[in-house]
Amino acid sequence: MKKLKLISVVILLFILINFNISIVKAFEEEKNSNLFTICIDAGHQKKADSKLEAVSPNSDSKKPRVSQGTEGVGTKKAEYIVNLEAAFFLREVLYNKGYNVVMTRESHDVNISNIERAEIANKAKADMTIRIHCDSIRDSIKTGATILIPSSKSNNTKSIYEASNKFANILKDNLKKEGIKVNGIFERSDITGFNWSKVPVVILEMGFMSNYNEDKMLCDENYQKKLMNIVAESIDKYKENEELKM
């Protein structure tokens with residue numbers, strides 16, 4: 001009899017503990033769902049994947065799942081490394097500001113296609129996706145940041161164009177205020193990660209690794225922190241504007 005009572009108590013305790021864990025988990029999920037969510041995509045990865053995927057839904061046009069990216073003309077540092085370093089700085093700043101942050105990757109040795117990166121942001125219902133990249137061109141004199149956004153004319157991205165463009169303009173203005181050269185905001189209809197996205201998204205090309213001086217700057221953690229602080233401040237402004245609309 002005593003043994004049966006002991007078993008009953010153990011079972012009851014097990015049920016209560018698991019019930020409380022479920023409540024805590026549900027509370028945390030509800031708490032996170034109410035936070036402004038930012039998805040950070042550190043562009044590229046250690047190894048490219050040349051297998052093809054559709055550039056957009058219902059399209060016959062295909063591109064490699066993920067390209068190799070560039071490297072510094074002077075530092076010889078791979079772009080995928082710089083992108084993730086900057087992404088980690090941005091994540092830290094946003095965490096400290098109270099944002100819910102989702103990362104598409106947290107290491108280099110992954111294989112995540114551009115469609116899959118977009119789907120991570122879609123699943124998270126991100127309020128904004130920041131895709132972090134570096135640029136490269138044969139003209140070694142070219143410098144400055146460039147901002148890419150989804151096309152306003154493409155049926156795939158019409159619904160996310162306005163919000164993406166609003167954030168892009170805030171980001172452009174803030175970069176310029178801090179003395180960062182901005183080459184402009186350019187609409188693109190050929191970017192897989194844009195065409196599969198159901199949430200607002202921008203690509204920040206932080207600068208040109210094909211320029212010797214800018215390459216060194218992009219590989220410097222202080223410059224990365226400067227850029228990511230500007231991105232975070234731009235997200236603050238965008239969020240404030242969105243909340244005023246409610």
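1. First, the bookkeeping on residue classes: Ala, Val, Leu, Ile, Met, Phe, Trp, Tyr, Cys and Pro count as nonpolar, Asp, Glu, Lys and Arg as charged, and the others, Gly among them, as polar. With that, the lining of the largest cavity splits into three nonpolar, three polar and three charged residues.

2. A word on ground rules. This is a predicted model, where local features need pLDDT of at least 70 and side-chain atom pairs count only at pLDDT 80 or more, while totals for chains, interfaces and linings use all residues. Residues are numbered from 1 along each chain as its sequence is written, and side-chain values use heavy atoms, leaving out hydrogens and water.

3. Back to the cavity (a set of points on a 1 Å grid over the protein atoms alone where a 1.4 Å probe fits but cannot get out; lining residues have an atom within 4 Å of a point). There is one of 30 Å³ or more, and the largest holds about 50 Å³ of space (volume being the space filled by probe spheres set on the points, which are joined across faces, edges and corners). Its lining includes D41, R117, T129, R131 and V201. Two elements supply two or more lining residues each, α3 (114-124) and β5 (128-135); α3 gives the most, with three. Helices (H or I, at least four residues) and strands (E, at least two) are DSSP runs, numbered from the N terminus.

4. Now look at D41 and R131, whose side chains meet in a salt bridge at 2.9 Å, N to O (the rule: a side-chain nitrogen of Lys or Arg within 4 Å of a carboxyl oxygen of Asp or Glu). The pair ties strand β1 (residues 37-42) to β5, 90 residues apart. D41 is buried at 1% relative accessible area, and R131 is buried at 5% (buried is under 20%, exposed over 50%, partly exposed in between, with a 1.4 Å probe and protein chains only). R117 joins these two in a salt-bridge network.

5. The model has eleven salt bridges by this rule. K97 pairs with D236 at 2.6 Å between the closest N and O atoms, linking the loop between α2 (79-96) and β4 (100-103) to helix α7 (residues 221-245). K97 is partly exposed at 40%, as is D236 at 25%.

6. Last, N174 sits in helix α4 (residues 158-177) and counts as buried at 15% relative accessibility. Leaving out residues up to four places away in sequence, N174 touches I230, E233 and S234 (contact means heavy atoms within 4.5 Å).

Key
On a 1 Å grid over the protein atoms alone, a cavity is a set of points where a 1.4 Å probe fits but cannot get out, and a pocket is an open set with protein on both sides within 12 Å along at least five of seven lines; lining residues have an atom within 4 Å of a point.
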